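Hi,

Here is the structure I promised to pass on. Have a look at it first, and my notes follow below.

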Amino acid sequence: MSQERVIVIDFGGQYNQLIARRVRECHVYSEVYPNTITMDQIREMQPDGIILTGGPNSAYKDDSPSISAELFELGIPILGICYGAQLMAHLLGGKVDTAPTSEYGRTNVSLSQASTIFKNVSSDTIAWMSHTDYIAEVPEGFIITATTKVCPVAGMSNASKKLYAVQFHPEVTHSVEGQKIIENFVYQVCGCKGDWKMSSFAKHTIDELKKKIGSGRVMCALSGGVDSSVAAVLLSKAVGKQLTCVFVDHGLLRKDEGDEVEAVFGPKGEYDLNFVRVNAGERFYAKLKGETDPEKKRKIIGEEFIRVFEETAKQIGAVDFLVQGTIYPDVIESGLGKSATIKSHHNVGGLPDHVDFKEIVEPLRLLFKDEVREVGRELGIPEYLVSRQPFPGPGLGVRIIGEVTPEKVRIVQEADAIYRGEIDAGIERWRKGELDGEIKGKPGKFHPIERKGRFPVWLPDQYFAAITNMQSVGVMGDFRTYDYAIALRAVHTSDFMTADAVHLPWEILDIVTNRIVNEVKGVNRVLYDCTSKPPGTIELE
């Protein structure tokens with residue numbers, strides 16, 4: 001799709017796809033490849049640059065993932081990150097060892113302005129560290145370009161060979177000036193101009209879908225969320241009436257959401273799609289009965305989704321392809337290559353071994369959430385749909401700790417509706433000057449209500465209520481209660497790979513708490529989740 005390309009070579013880190021996303025923010029195309037990629041394959045691609053990812057292993061151990069040292073002789077600019085930096089040092093004759101002091105989290109880093117990748121970056125900055133090994137000695141020809149109080153080589157470079165390395169993670173938002181570092185590598189070192197746009201992706205994908213599908217029949221798993229909606233419209237533009245969109249109401253949707261999806265995509269909706277709604281709530285509840293393990297719940301939901309699709313396909317007639325709205329974060333968190341699995345997504349790691357379709361098509365598999373939204377805008381999808389708040393495929397199944405029951409679903413649906421409604425009302429109060437709050441300089445990327453103009457600094461990108469499996473004693477009136485605790489979540493995020501908890505105004509939390517406890521039967525306590533990602537995840541399961 002573009003002559004400019006920076007490839008990311010994966011060594012098992014959790015942020016590998018995120019690095020590619022940061023490169024794409026520079027409007028340069030990027031993909032992730034395993035460390036088993038050959039030198040001939042790299043030469044054939046002729047990338048403008050290469051980035052080596054982090055990973056959980058030790059570069060000096062024989063069984064750790066590695067790559068040929070020939071890579072550093074190809075004349076291609078290379079940036080090593082964390083494990084990638086250590087591997088570069090190890091393969092080129094430096095020394096990597098167990099660090100006397102490990103570093104995790106936000107760390108003060110001192111940078112050398114002489115390094116090209118640190119151009120216009122503060123000499124003292126905050127970066128995200130996550131390592132137990134360290135570079136004890138740099139290879140011949142390298143200079144040290146960054147340090148911390150306990151890490152003598154937080155950065156190194158060999159400018160003549162265009163080899164750069166950093167011990168920290170510039171790709172995560174916790175690294176305050178991390179994107180500047182990546183931009184410097186892409187533009188200043190690799191010489192890229194930045195000509196890859198979402199409009200190119202949309203056109204290219206539609207053309208590719210036409211070739212792949214031909215005269216075949218297609219069924220799209222439509223949830224009504226951003227990802228599946230964009231996937232459905234892409235397919236509709238590619239193959240028209242060969243597409244049937246199947247919406248499975250698994251009984252784990254937000255309050256009234258099933259009817260809202262049908263109103264948009266159904267026969268009386270805005271799109272001329274072949275729309276089929278399958279109400280399967282009782283079926284999913286029966287499958288989930290008694291199960292408390294988060295991974296098993298996800299896999300049960302994923303397999304049941306596929307079985308429902310298979311049965312619906314047989315009713316419709318022969319279907320060759322199943323389309324899903326899988327995106328990059330789904331893939332990375334389900335485990336890529338030797339990367340650790342954080343959680344299986346229903347449309348990735350949750351798939352059963354046998355699927356009764358010729359092929360599963362995932363046109364958005366290489367995109368992050370904000371890129372998917374941009375594709376949606378290119379396709380002319382209305383803003384209120386494109387900016388819709390993310391909702392996981394397993395639905396409320398990952399917002400219910402422990403066993404999923406119809407009663408718990410009711411509780412979390414009611415609590416969530418109150419919570420989201422009061423945040424929206426709080427925004428309106430802020431607009432009228434009834435609620436204090438600082439002003440942010442630019443609108444949040446993902447909030448479904450407002451994308452332009454002034455808005456409060458606390459405006460979250462995603463927020464929802466979940467039900468814990470904790471019951472505690474309370475008192476209502478003169479009676480003892482023993483009911484559930486609701487957990488409220490609200491986060492700021494630019495990529496859904498990292499996130500910070502939002503400092504919501506107490507006035508809003510107070511109203512939400514009182515309403516939930518008084519209006520939702522079965523709840524006597526409300527908690528607010530202050531955990532960032534990492535170490536937590538955005539969803540509870």
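**What I found**

Let me start with T468, which is buried, at a relative accessible area of 13%; buried means under 20% with a 1.4 Å probe and protein chains only, exposed is over 50%, and partly exposed is in between. Before going further, a word on the ground rules: this is a predicted model, where local features need pLDDT of at least 70 and side-chain atom pairs count only at pLDDT 80 or more, while totals for chains, interfaces and linings use all residues. Residues are numbered from 1 along each chain as its sequence is written, and side-chain values use heavy atoms, with hydrogens and water left out.

**Around T468**

T468 sits in strand β15 (residues 462–476); helices (H or I, at least four residues) and strands (E, at least two) are DSSP runs numbered from the N terminus. Its side chain reaches the backbone nitrogen of M470 at 3.2 Å, and a polar atom of that side chain lies 2.9 Å from the backbone oxygen of A485. Setting aside neighbours within four places in sequence, T468 is in contact (heavy atoms within 4.5 Å) with I401, Y484, A485 and A487.

**Helix α6**

Does the length of α6 (residues 226–239) agree or disagree with what 14 residues should span? At 1.5 Å a residue, taken times one less than the number of residues, the helix should span 20 Å, and its end C-alpha atoms are 20 Å apart, which agrees. Of the 14 residues in α6, 12 are buried, including V226, A231 and V239. Just after this helix, G240 takes a positive phi of about 60 degrees.

The axes of α6 and helix α11 (residues 369–378) come within 10 Å and cross at roughly 40 degrees. Axes here are lines fitted to C-alpha atoms, for helices over the stretch in contact, with angles from 0 to 180 degrees between N-to-C directions. That makes α6 oblique to α11; under 35 degrees counts as roughly parallel, over 145 as roughly antiparallel, 65 to 115 as roughly perpendicular, and the rest as oblique. On the α6 side, V226, D227, V230 and L234 make the contact, and on the α11 side K369, V372, R373, V375 and G376.

**Helices α13 and α14**

Helix α13 (residues 406–431) packs against helix α14 (residues 506–519) at an angle of about 150 degrees, with the axes 10 Å apart. The two are therefore roughly antiparallel. Among the α13 residues that meet α14 are A415, Y419 and R429.

Happy browsing!

Conventions. A polar contact is a pair of N or O atoms within 3.5 Å; within protein, one must be able to donate a hydrogen and the other to accept it, and residues adjacent in sequence count only if both atoms are side-chain atoms.
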